[in-house]
Amino acid sequence: MAAEKSNRKSQGSDAKAEKTKAKENHEFVTEAEEILERMFEDLSDLQEQRNGAGEINPDLVNQIFRSAHTLKGLAGMFGLDTIGHLAHRFEDILDGLRLGRISFNSPAALLLDEGLALLAILMTQLEHGDGSDAQAAQAFIEQIDAAIDASAPQRTDELDALDIDSSLLRALTEYEEHRLRESIHRGRNIGLVDSVFEISAFEEGLSELSSAVREVGEVVSTLPSPGDAPESEIRFSLLVATDIDAGELRERLDYPDTIVQSVWNVSGAAGSTSATVDDAMPVDPNGSAGEAPLVVDGSDGASSEESTDADSLASSLSWSNPGGASELESLRSISETVRVDIRKLDELMNLVGDLVIQRNAISGLATRLATDSQTAKIGAELAKTSKNLDRKLKELQSRVLDVRMVPLRQIFEKLSRVNRRLRRDLGKEIELEFSGADTELDKLIVEQLVDPLVHIVRNSLDHAIESAEERLAAGKPEAGRIRINAVQRGNHIVIEVEDDGRGMDVEAIRVRAIENGMISEDEALTRGELLNLAFEAGLSTRDEVSSISGRGVGMDIVRSNLAEMGGMVELASTEGRGTTVTITLPITLAIIQALIVRTGTERFAIPINSVLETMAVEPDEIGRSEGREVLNLRGEPLLLRRLGEEFEIEGASPEERQFAVVLGMGEQRLGLLVDRLEGQRDAVIKPIKGPIQSIRGISGATELGDHGAILVIDVSAIVGDAVRRWEAA
Amino acid sequence: MNESHPQRSKLDANWEGLARGAADAWMSDVDESGSEICRELLVFELEGSAYAIAVERVREIIRMREMTRLPRCPDWMLGVIALRGEVVEVVDLAKCLGLAVREPDRSRRIIVLHGDFDRVTGILVDSVSEVYRAPEESIMPAQSLDFGAVSEVCRRGEQFISILDPDIALGFPNV
């Protein structure tokens, strides 16, 4: 409990436990801060809507409610009762607002802002380990309770204000009553339409009248009304909520034997206007025929009076300021970070990319100047300046990249929580070990990595790790173990998820794959190939389906999600010993190193991280196998594909010496033949804008210094297509 | 004068065949300040005829520049150009409209259009003439020739200017 924490300094008894607690608190604050920020934003939107003339969006209220709910759950998970209780009161208020039990101008609703500020303070205290002011929170909770109670009776008042027979109000169902209140809240005019029908034809007449009302508003209730009508006639009262004024309503409802009466209008002057439409009918008490039209004027009038009341009530209830300067402090961010929209960083990155391109142009100019004897001196100076510029640009580029980079720790913390939750549900004891939490990845990749990784870990928890009995019988430690290890290798990050569970039953996969018609019975597949079938859609080797994982969907989605980021996933497993899932990802998507190649007059860029090697190939080195061109690469046949044929390039010179760019995608290899290699460049991949949305084999374009655009090859498409064609042959 | 034009009634009869979008354009662009309601059109030449596009859709006009061919595309797609950090497809408008096509030469211009959803497209035209404020009553719905790319016709003295609906003109090849 937070209250116990406050006197920990004097105790100093269990330092280690305190440290874990502090770490947990930090974990909580990191997560809760985002929720709180969203609540702040949503609440200020709500404020705006409340002040404006428009209606309050129920979705917004629901959204804040959900945030409060999430916060409550989170606080519960970390054992932070004070915050949990406070969030719970938030739920109460928001639930009330949602169902119309509490008005938006009630003191309770106004306390939301203050409550949020208090939450922020409590979290600061948690983060700093100051011990939270449980007393202030408790006082505030009591205040909210009082305000909720105070808000409740207020709503009967608004119905009292209606100039309407109380017997009529009593006849309303709860829902009708709620709709009526809601309409008054929304500043609609409420009218009472009395009409007399012939008994023989009243159904038609009533439905005609009702639909006329629905064109301009809502029929809140239809009630047969008492009154001295002849036996052959029946009288109905329709309670109507509408945005138009009474005069207009009267015009709209120009039916015989019908009276339109205003019982409430937004300026609060109820019942002062009413008129008969048909003179044959009895006249209403005042008899002033529609002279004072109702005016719809937004939130003025009654509702603003209401809010003034609420304001004063809220301030009179105002809670004591917990802990001196903390109110000021709450205005500051708890952690010293700035949250920036990733798109802004993208823009920044693009700008840096553009600068790099300009630099290329300048250095080209310098070279030209340097080759001319007349300008050689200036050229040399320009070259020097351009080099300096180059150095600074590289620095800028890496700094901007740095900003996008976040440590994997964030994901690891999420995984810990998943584990804590699941091991309770599953009744399994599992240790989760992490290493390489400081490894950094592009924020965008991290965001997209969360789901696949959570899925993989869930899979291990649910399927791979055996029950305690099974483990003991197999001579393993009772507690299962999952190790997650991240390490950077060049421009890639490799993440391994390794469990010591039962391993994958390769034979079971084969059987299941044959059942599903994915492979034929006599197909000879290597162990690795069989394992990787687990990534195909519709293959789950567990017989039962659990709520946690295992419907045979998932691993295929994991693979396609990772492929979207240019990553891949591979499986290794030893039966009885465990399974290792290996994910390989590029560090960033923003700037790539590209190999520029030329065939004929056209140039293309190939992302260097897919290039395994390049080599010169003489025409007589190219052999043929099964109708395809192949190259003998250190004893292994390498499938070849000519870029000129792939993209129907004119002016390719296939008879001359070519260069083979060996591309690798997962386990697939392809040698792409090009006329020339033109070196390596930094490339910012940009989408192609225009009517043609996508071209197979092209993933985007990049700009070169000489104002031209150059297309970037989609390696996975080119390799995949070529290999598939080969296998099909 | 427009009222008496013999083509007017014929065009009216074809109202039903009007391309979508034309009606929207008809309703909007009302010049509230002046008494005469005008529409601003960018007029350009293509294969000897005058065409126009609503000025609001035009982002910029640039000279013909080096283009990178896009493989695996229909012949009306000329390729892409690099334009201040963006890579933009350029369409051969004459081919799109089914007109005879000459070899592109340097004197031609690219009109860069923008639309909804961050869409940007360049169209290649022979030359750009002017921005013309066309009185609303001189604009008539066009007969639904082609595929509705020419949604309206503007009469200017003895000259007729075909007003293009760029969404249809450029969207068509996509279908």
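Student: How many residue pairs are in polar contact between chain B and chain A?

Tutor: Eleven residue pairs, counting those where both residues have pLDDT 80 or more. Keep in mind that this is a predicted model.

Student: Which elements of chain B give two or more residues to the side that touches chain A?

Tutor: That would be strand 4 (77-83), strand 5 (86-92) and strand 7 (120-125) of chain B. The largest share comes from strand 5 of chain B, with five residues.

Student: And how many salt bridges are there between chain B and chain A?

Tutor: The count is three. One of them joins the side chains of A:Glu646 and B:Arg72, with 2.4 Å from N to O.

Student: OK, zooming out a bit. How many residues of each chain are in contact with the other chain?

Tutor: On the chain B side there are 24 residues, and they are in contact with 23 residues of chain A.

Student: What area do chain B and chain A bury between them?

Tutor: About 2100 Å², and 55% of that is on carbon and sulfur atoms.

Student: Which three residues supply more than any other three of the area chain B buries against chain A?

Tutor: Those are B:Arg69, B:Arg72 and B:Val87, which supply 32% of the area that chain B buries against chain A.

Student: Now the chains themselves. What is chain A made of, in helices and strands?

Tutor: Chain A has 23 helices and 24 strands. It has 729 residues, and 46% of them are buried.

Student: What about chain B: how many helices and strands?

Tutor: Chain B has four helices and eleven strands. Of its 175 residues, 49% are buried.

Student: How many of the contacts in chain A link residues at least 24 apart in sequence?

Tutor: If you take contacts between residues at least 6 apart in sequence, 67% join residues at least 24 apart in chain A. For chain B, with a separation of 6 or more, residues 24 or more positions apart account for 57%.

Student: Switching to aromatics. How many aromatic pairs turn up over all chains?

Tutor: A search of the whole structure finds four. Take B:Phe44 and B:Tyr51: their ring centres are 6.2 Å apart and their planes are at 15°.

Student: Are B:Phe44 and B:Tyr51 buried or exposed?

Tutor: Both B:Phe44 and B:Tyr51 are buried.

Student: Which residue lies over the face of B:Tyr132?

Tutor: B:Arg156 does, at 3.9 Å from the ring centre.

Student: One last topic, backbone angles. What is the phi of A:Arg634?

Tutor: About 50°, which is positive although A:Arg634 is not a glycine. You'll find A:Arg634 in the loop between strand 17 (628-633) and strand 18 (636-642) of chain A.

Student: Why does A:Arg634 count as exposed?

Tutor: Because its relative accessibility is 65%, and exposed means over 50%.

Student: Where does A:Glu648 lie?

Tutor: A:Glu648 sits in the loop between helix 22 (643-646) and strand 19 (658-665) of chain A. A:Glu648 also has a positive phi, near 50°, and is a residue other than glycine. With 62% relative accessibility, A:Glu648 counts as exposed.

Technical notes: Residues numbered from 1 in each chain as written. Chains lettered and ligands numbered in written order. Predicted model: local features only at pLDDT ≥ 70, side-chain atom pairs only at ≥ 80, totals over all residues. Heavy atoms only, no water. Phe/Tyr/Trp six-rings, centres within 6.5 Å; stacked < 30°, edge-to-face > 60°. Buried < 20%, exposed > 50% of the residue type's maximum accessible area, 1.4 Å probe, protein only. Lys NZ or Arg CZ within 6 Å of the ring centre and 35° of its normal. Contact = heavy atoms within 4.5 Å. Buried area = accessible area lost by both parts, 1.4 Å probe. Salt bridge = Lys/Arg side-chain N within 4 Å of Asp/Glu carboxyl O. Polar contact = N/O pair within 3.5 Å; in protein donor to acceptor, adjacent residues only side chain to side chain.
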